[in-house]
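Keep the sequence and the 3D view open while reading.

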Amino acid sequence: MIITVDELQKTTLYEEITDAITRDDDTVIEMQIQAAQSLCATYLFKYNLKPVFGDDTVEPAVAPTKKCPALANIVKIIACYFLLRQSNPNVAIELYKEDYNQAIKLLEDLRDGNNQLSELDYAEDDPETPYDESKANGVSFSSNPKRQNFF
């Protein structure tokens with residue numbers, strides 16, 4: 001995971017708040033972090049996210065909070081919002097909803113090429129396919145194979 005439960009509790013939501021929401025079950029927090037990470041990955045599909053997020057078999061190759069602190073913060077905001085949706089003890093959820101909406105807007109801008117995180121690399125092009133997956137310049141184009149007519 002890009003962030004840990006401990007990091008989330010020290011930087012975003014206090015431990016007593018997360019304990020009240022999850023009833024002292026850290027697996028609930030881990031599930032919400034995974035859900036937030038997955039949501040971010042769907043928006044950032046054109047980037048090479050394996051070194052940052054890892055996958056089921058591989059741990060992240062870099063420390064995301066050091067390599068890409070903005071992305072780690074977006075995951076924290078979304079994970080907190082998901083946690084706060086579960087229960088709202090003594091928390092002003094409007095502030096988190098505003099942060100959540102801003103995080104989603106930033107992800108949409110990144111996806112659409114209107115903004116870029118300098119710390120993330122684009123996905124590499126697969127030479128086996130007829131189009132460029134890297135989209136390194138933010139623009140991609142392709143065409144259908146030339147048609148052969150037989151009479």
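In what handedness of crossing does α6 pass α7? The crossing is left-handed. The model behind this briefing is predicted. Helix α6 spans residues 69-86 and helix α7 residues 93-112.

**α6 with α7**

- The two axes come within 9 Å and cross at roughly 135°.
- Angles over 145 degrees would count as roughly antiparallel; α6 and α7 are therefore oblique to each other.
- On the α6 side, the contact is made by Ile74, Ile77, Ile78, Cys80, Tyr81, Phe82, Leu84 and Arg85.
- On the α7 side, Ile93, Tyr96, Lys97, Asp99, Tyr100, Ala103, Ile104, Leu106 and Leu107 make the contact.
- By class, the residues of this α6 and α7 contact are 14 nonpolar, no polar and three charged.

**α6 with α3**

- Helix α3 covers residues 26-43.
- The axes of α3 and α6 come within 8 Å, with a crossing angle of roughly 125°.
- That angle makes α3 oblique to α6.
- The crossing of α3 past α6 is right-handed.
- From α3, the residues that meet α6 are Val28, Ile29, Gln32, Ile33, Ala35, Ala36, Gln37, Leu39 and Cys40.
- From α6, their partners are Leu71, Ile74, Val75, Ile78, Ala79, Phe82, Leu83 and Gln86.
- The contact of α3 with α6 holds 14 nonpolar, three polar and no charged residues.

**α6 with α2**

- Helix α2 is formed by residues 15-22.
- α2 packs on α6 at an angle of about 50°, and the axes are 9 Å apart.
- α2 and α6 are therefore oblique to each other.
- α2 passes α6 with left-handed geometry.
- Thr18, Ile21 and Thr22 of α2 meet Leu83, Leu84 and Gln86 of α6.
- This contact of α2 with α6 splits into three nonpolar, three polar and no charged residues.

**Residues of α6 in two contacts**

- Ile74, Ile78 and Phe82 take part in the contact with α7 and also meet α3.
- Leu84 belongs to the contact with α7 and also meets α2.
- Leu83 and Gln86 meet α3 and also α2.

**Largest pocket**

- The volume of the largest pocket is about 190 Å³.
- Its lining includes Met1, Gln34, Gln37, Ser38 and Ala41.
- Phe53, Gly54, Asp55, Asp56, Val58, Glu59 and Pro60 also line the largest pocket.
- Helix α3 gives the largest share of the lining, four residues.
- Lining residues of the largest pocket divide into five nonpolar, four polar and three charged.
- Gln37 lines the largest pocket and is also one of the α3 residues that meet α6.

Technical notes: Residues are numbered from 1 along each chain as its sequence is written. This is a predicted model: local features need pLDDT of at least 70, side-chain atom pairs count only at pLDDT 80 or more; totals for chains, interfaces and linings use all residues. Side-chain values use heavy atoms; hydrogens and water are left out. Axes are lines fitted to C-alpha atoms, for helices over the stretch in contact, and angles run from 0 to 180 degrees between N-to-C directions. Angles under 35 degrees count as roughly parallel, over 145 as roughly antiparallel, 65 to 115 as roughly perpendicular and the rest as oblique. A crossing is left-handed if the near helix is turned anticlockwise from the far one by less than a right angle, and right-handed if clockwise. Contact means heavy atoms within 4.5 Å. Ala, Val, Leu, Ile, Met, Phe, Trp, Tyr, Cys and Pro count as nonpolar, Asp, Glu, Lys and Arg as charged, and the others, Gly among them, as polar. On a 1 Å grid over the protein atoms alone, a cavity is a set of points where a 1.4 Å probe fits but cannot get out, and a pocket is an open set with protein on both sides within 12 Å along at least five of seven lines; lining residues have an atom within 4 Å of a point. Grid points are joined across faces, edges and corners, and a volume is the space filled by probe spheres set on the points.
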